[in-house]
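Welcome to this short tour. Open your viewer, get ready to select residues, and follow along one stop at a time.

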Amino acid sequence: MLCGSPWHLCDHVFFIIHMETESHWILGRLNIEERRVYMYNSLSTAMKDSAAIKACQPFAVLLPHFFALFDEFKKENKPICLDPFEVVKVDGLPQQTSNDCGCFVASFAEYFIDMKPIPPIFDVEKHRDRLAVLFYKYARMKEVEFIDSEDEAPPKGPKKNLS
């Protein structure tokens, strides 16, 4: 789905959450139909999970108000409900052993987008190397072929679609 699409047409929305007190990143996935925020935490302990749920609460509380303010409920003929979304911890995720939360967040999102189950254990070095190669390849392609991302403005040259 393209950036700027109406919210009511989206099934899931990913967002990253920085847990400042823990110096840690987690992935949030909003399921609008279920009215839930799914929390993907690669550093799961009782204390870290409590802090992660607390970090998700502002999204769970404010998003229903945001949707009501911009009439997103009316576009789908749904009743306006300002109750907070439920925050659900996703269990069975691989756990990090060092400061790799960014790689885990990107991998969790990618597994979900590709509709693949997240394996309980995966090689973080392999994922980090693959992401680095993908980012490098994308940057080089943009430089060499004068490709602009669709959200970059103003256009700098001949525009090609990357989809």
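In which sense do β1 and β2 pair, and over how many bridges? They pair in the antiparallel sense, over eight bridges. Keep in mind as you look that this is a predicted model.

**Stop one: the hairpin.** Select β1 (12–19) and β2 (24–31). Together they form a hairpin, with four residues between the two strands. In the turn, click on serine 23: its phi is positive, about 50 degrees. Now pick valine 13 and look across to β2, where leucine 30 is its bridge partner.

**Stop two: the two faces of β1.** Show the side chains of β1, which alternate along the strand. Val13, Phe15, Ile17 and Met19 point to one face and are buried.

**Stop three: helix α3.** Next, select residues 101–113, the 13 residues of helix α3. Colour its buried residues, among them Cys101, Phe104, Phe108 and Tyr111. What covers them? The cover includes β1, β2, β3 (36–40) and α4 (124–145). After α3 comes methionine 115, with a positive phi near 55 degrees.

Is cysteine 56 buried or exposed? Its relative accessibility is 0%, so cysteine 56 counts as buried. Cysteine 81 has a relative accessible area of 24%, which means that it is partly exposed, as this class lies between 20% and 50%. If you search for disulfides, you will find zero in the structure.

Note on methods: Residues numbered from 1 in each chain as written. Predicted model: local features only at pLDDT ≥ 70, side-chain atom pairs only at ≥ 80, totals over all residues. Heavy atoms only, no water. Disulfide = S-S within 2.5 Å. Buried < 20%, exposed > 50% of the residue type's maximum accessible area, 1.4 Å probe, protein only. Expected span 1.5 Å × (residues − 1). Contact = heavy atoms within 4.5 Å. Pairing = 2+ DSSP bridges.
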